[in-house]
Amino acid sequence: MRANLKRLHSPDVDDLKQFSPKNPKDFAFLLQIFVGVEGSDGEDSFDLQVCTPAWLERECKRVGVVSGRHRLIVDCFDINAIEMYLQDYCENIVADDWDGIAAILGELGSWEFDGYRNL
């Protein structure tokens, strides 16, 4: 099976294609990537924070320590470059089943079903 990026969404940004941060070198926002298996309609959500090094530096000074997990660090906002990166990332994920794909994607973003147990 191969992963396929289906779409992007942000609860923090109304329109990703038209978004222009106040400071293009210092920002952060939540990005949800919806990924499924190539050739299928299904999709799951993986959440990550898109941020710049300047934002990360400012956040480190504010709180002391910041984890890099589930963060995509960019020099400036370019949704086309972000989407291309994520599309390439997903297209290079091949696994025997969806759980294998989701485990790899879980390194990039927090999977909506991470820790879920069917009781």
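A salt bridge is here a side-chain nitrogen of Lys or Arg within 4 Å of a carboxyl oxygen of Asp or Glu. In this predicted model, the side chains of Asp26 and Arg58 meet in such a pair, at 2.8 Å from N to O.

The structure holds seven salt bridges, and one of them joins the side chains of Lys17 and Glu83 (3.1 Å, N to O). Lys17 lies in the loop between E1 and E2 and Glu83 in helix H2, so that the pair links parts 66 residues apart in sequence.

Within helix H1 (residues 53–63), Trp55, Leu56 and Glu59 are buried, and the three lie on the same side of H1 because they cover an arc of only 100° around the axis. The cover over the buried residues of H1 includes E2, E3 and strand E4 (71–73). Glu59, buried with a relative accessible area of 14%, forms a salt bridge with Arg62, the closest N and O atoms being 2.7 Å apart, whereas Arg62 counts as exposed at 61%. H1 is followed by Gly64, whose phi is positive, near 100°.

The largest nonpolar core has 29 residues, and those with the most contacts inside it include Leu31, Val50 and Ile82. Among the elements giving two or more residues to this core are strand E2 (28–37), strand E3 (44–51) and helix H2 (79–91). Beyond its neighbours within four places in sequence, Ile82 is in contact with Leu31, Val50, Leu72, Val74 and Phe77.

How values were computed. Residues are numbered from 1 along each chain as its sequence is written. This is a predicted model: local features need pLDDT of at least 70, side-chain atom pairs count only at pLDDT 80 or more; totals for chains, interfaces and linings use all residues. Side-chain values use heavy atoms; hydrogens and water are left out. A nonpolar core is a set of buried Ala, Val, Leu, Ile, Met, Phe, Trp, Tyr and Cys residues joined through side-chain atoms within 4.5 Å. Buried means under 20% relative accessible area, exposed over 50%, partly exposed in between (1.4 Å probe, protein chains only). Helices (H or I, at least four residues) and strands (E, at least two) are DSSP runs, numbered from the N terminus. Contact means heavy atoms within 4.5 Å. The arc is that of the directions from the helix axis to the C-beta atoms.
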